[in-house]
Amino acid sequence: MRSLPIVSKSDTSTEWPTIEVTTGALADPNWKPLPFVEFVVKLHSRCNLACDYCYVYEMGDSTWKDQSKVMSKSTVDQTAVRLADHVKAHRDELKVVKVVLHGGEPLLAGPDMIRYLAQRFRAEIPDGIDVDFRVTTNGTLLDDTMLEALHASGIKVYISLDGSQEDNDRHRKYANGQGSFAAAVRGITALREDPYGDLFSGMLCTVNLENDPVETYDTLVSFGSPMVDFLLPHGNWTQPPPFWSGDQGGTPYADWLIPIFDRWYRAESKPTSVRIFDEVLALILGGQSRAETVGLSPFRSLTIDTNGSIDFCHQLKSAYSGAQITGSHIDRDSIDSLMLHPGVVARQRGTEGLCDTCNACPIRNVCGGGLYAHRYKKGTGYLNPSVYCADLKRLILHINETVLADINALLR
Amino acid sequence: MSNDGKRDLLKKAGLTAAATVAALTLSAGAASAASSPENESGATAQISENSALGLAIARVLSDDPTSTPSGYFNS
C-alpha cells in the first residue's frame with residue numbers, strides 16, 4: 001500500500017490540506033489508507049428544476065457547464081471496470097459498496113440508461129460483494145416506467161423536498177418559476193404504491209429558516225418515509241450560509257432544529273429516523289457515525305462526474321470553483337491512485353485532520369468538525385472549525401442535556 | 001470514558017439497563033456510578049426500546065467497533 005503514487009493537484013497550494021498531510025500520515029506507523037466504499041455517479045449533469053440555493057449551479061462553481069449532459073455508455077462501462085478493480089484489490093476490507101446515482105437530476109438519464117448502469121456495475125463487481133444502489137432525486141420524474149426500472153434494478157430512492165407546498169416552492173422551482181411540489185408529491189405517491197414501496201428510503205430537506213421547523217418535520221413525516229434528514233445549507237467562512245450569525249454567537253440553525261428534536265425525541269410511537277439526530281445520539285452513547293455530517297469516521301467516498309472525471313464530493317463546489325477536482329479521470333487513472341491524495345488522507349485521519357480549535361473542544365468526538373465543506377476559508381483551506389460551529393455546539397449540548405435529564409429522572 | 005469502555009458497559013448491563021449506563025457515562029463524574037450493581041440491576045424499564053433513545057442504544061450495541069463506516073451523500 002505504501003507504494004501507491006501520491007497524486008495531488010495541490011502540490012503548489014498553500015491551502016490545507018497540502019502534500020504534507022500525506023507525507024505526515026505515511027510517517028505514522030499506526031495509519032494506513034482505507035479503500036473507498038461509496039461512489040457517487042453523476043449520471044446527468046443538468047436538472048429539470050432551477051432551485052435558487054443549489055450548490056451545483058448557484059454557488060461558486062461553474063464547471064458543470066463543461067460537462068456532457070448525460071453520462072455515455074462507454075463512461076459507464078469504464079467506471080464499472082475501475083470500481084471493480086478497486087473492489088478486487090481490497091476485497092478483504094470490503095463487504096459492500098454503495099453506488100449513489102446523482103446529478104443534476106439523475107432520472108433525466110432515462111430508465112434505459114439506469115437499467116444499463118445497474119446491470120454493468122453488477123456484472124463487473126465480483127461475487128461476494130454487495131452493491132447497494134441508491135438514487136437521490138427531486139421526485140418529479142417518478143412515473144411508472146421509471147419506477148419499474150428502479151425496481152428491476154434494486155435501486156433505493158431518496159427524495160429531496162423542503163416541506164409543505166408553500167415552503168417547498170419558495171426555492172424548489174422550475175426555470176419558469178412554477179413550484180415543483182405537486183409533481184414531487186405525485187412521484188412520492190407513485191413510489192409508495194406496491195410493488196415499489198420498499199424502494200422508498202428517505203427524504204432530504206435543506207433547512208430553510210423562513211419555514212416553520214415543526215410544520216416542516218410533520219409534513220415530511222406524513223409521507224411515510226422511513227428516514228428524514230435535515231441538511232444545513234452549504235456555506236463556509238468565506239461565503240457564509242444564509243441568515244448566518246455565528247460570528248456574533250448566533251445559533252439560528254440550532255434554534256430551528258431543536259424544536260424538531262424535542263418533538264421527535266418525545267414521540268410516543270416509534271419515531272421516523274432523523275439522520276442528524278440519530279447520528280448525534282449514537283455518538284454521544286459511544287457509537288460510530290455513519291454520516292459525514294458529524295463524528296470522526298473516515299471519509300471513503302469519491303464522485304465520478306458525467307464526463308468520467310474522478311472528483312471529491314461535489315459539496316466542495318460550494319467552497320470555490322473547481323474545489324472538487326482531483327485531476328484524475330477514469331480513462332487514465334485507477335481508483336487506488338486517489339488513496340493518498342491529501343484531500344482524501346486529511347479526511348481519514350480523525351483528530352489529526354482537525355484544527356486546534358476543534359481539538360480543544362469538549363464535544364470534538366461528537367461534532368467531528370462538522371461537514372468538511374463547511375470548514376473552508378480562503379487562505380487556510382479546510383483547517384478550520386465548521387462555519388456552523390456555534391450551531392453544532394448548541395444542538396449537541398441540547399441533545400446531551402436532554403438524555404441526561406431523562407436518565408437522572410429515572411434514577412430518582 | 002472511552003467509546004470502547006462505554007460499549008463494554010452497555011453490553012455488560014444489557015439493553016434494559018443500558019440507557020442508564022450509557023447516559024451516565026456522558027458525565028465523567030458519574031462514570032463510576034454507571035458500573036455499580038444497583039444501577040445495572042434496573043430502574044430503566046421505562047425507556048422503551050422503540051423510543052429514540054432506546055433505538056439509539058440498540059444501534060450502538062450492534063455497532064461493530066472494528067468497522068470503518070463511510071460518509072454518505074448530503075444533497
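Which residue in strand 9 of chain A stands opposite A:Ile304? The legend to View 1 identifies this residue as A:Ile310.

All views show a predicted model, in which local features need pLDDT of at least 70 and side-chain atom pairs count only at pLDDT 80 or more, whereas totals for chains, interfaces and linings use all residues. Residues are numbered from 1 along each chain as its sequence is written, chains are lettered from A and ligands numbered from 1 in the order in which they are written, and side-chain values use heavy atoms, with hydrogens and water left out.

**View 1. Pairing of strands 8 and 9 of chain A.** Strand 8 (residues 301-304) and strand 9 (residues 309-311) of chain A pair in the antiparallel sense over two bridges; strands are DSSP runs (E, at least two residues) numbered from the N terminus, and pairing requires at least two DSSP bridges. A:Ile304 stands opposite A:Ile310.

**View 2. The open sheet of chain A.** Its 10 strands follow the order 7-6-5-4-3-2-1-8-9-10, with mixed pairing. Strand 7 (273-274) and strand 10 (325-329) stand at the edges, each with a single partner strand, so one side of each lacks a neighbour in the sheet.

**View 3. Surroundings of A:Ser45.** A:Ser45 lies in the loop between strand 1 (38-42) and helix 2 (73-89) of chain A; helices are DSSP runs (H or I, at least four residues). A:Ser45 is buried, with a relative accessible area of 6% (buried: under 20%, 1.4 Å probe, protein chains only). Beyond its neighbours within four places in sequence, its contacts (heavy atoms within 4.5 Å) include A:Tyr57, A:Gln67 and A:Thr306.

Technical notes:
Buried < 20%, exposed > 50% of the residue type's maximum accessible area, 1.4 Å probe, protein only.
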